[in-house]
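Here is a walk through the inside of a protein model.

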Amino acid sequence: MAKAKGAVEVNAERCKGCNLCVIACPCSVLGLQPKEVNNRGYHFAYTVNPQACIGCAACATVCPDGCIAVYRLKAVSPSND
């Protein structure tokens, strides 16, 4: 059985760095940017480990500002040429 794959997009300018998404992610995909801040002065969430995303959308569910979009990716099976 193939593993589920997902992709996370974070709207860094809307993010206020509350860290809820980082805590909710079961695969440690997200983290808070340690050095950079957005236009509002917050350390924003970003994808630290994007290849680990399973598309569960736990991060998007807990985000109070709706800054996160999660997409499920289709599994590509190797071709038998």
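**Cavities and core**

The second largest cavity is lined by Cys15, Lys16, Gly17, Cys18, Cys21, Cys63, Pro64, Asp65, Cys67 and Ile68. A cavity here is a set of points on a 1 Å grid over the protein atoms alone where a 1.4 Å probe fits but cannot get out, and lining residues have an atom within 4 Å of a point. This is a predicted model, in which local features need pLDDT of at least 70 and side-chain atom pairs count only at pLDDT 80 or more, while totals for chains, interfaces and linings use all residues. Residues are numbered from 1 along each chain as its sequence is written, and side-chain values use heavy atoms, without hydrogens and water.

The second largest cavity holds about 70 Å³, volume being the space filled by probe spheres set on the points, with grid points joined across faces, edges and corners. Its lining has seven nonpolar residues, one polar and two charged. In this scheme Ala, Val, Leu, Ile, Met, Phe, Trp, Tyr, Cys and Pro are nonpolar, Asp, Glu, Lys and Arg are charged, and the others, Gly among them, are polar.

The largest cavity has a volume of about 90 Å³. It is lined by 13 residues, of which Cys25, Pro26, Cys53, Cys56 and Cys59 are the closest to its centre. Its lining has 12 nonpolar residues, one polar and no charged ones.

Cys59 also touches Val8, Cys21, Leu30, Ile68 and Val70, leaving aside residues up to four places away in sequence; contact means heavy atoms within 4.5 Å.

Key. On a 1 Å grid over the protein atoms alone, a cavity is a set of points where a 1.4 Å probe fits but cannot get out, and a pocket is an open set with protein on both sides within 12 Å along at least five of seven lines; lining residues have an atom within 4 Å of a point.
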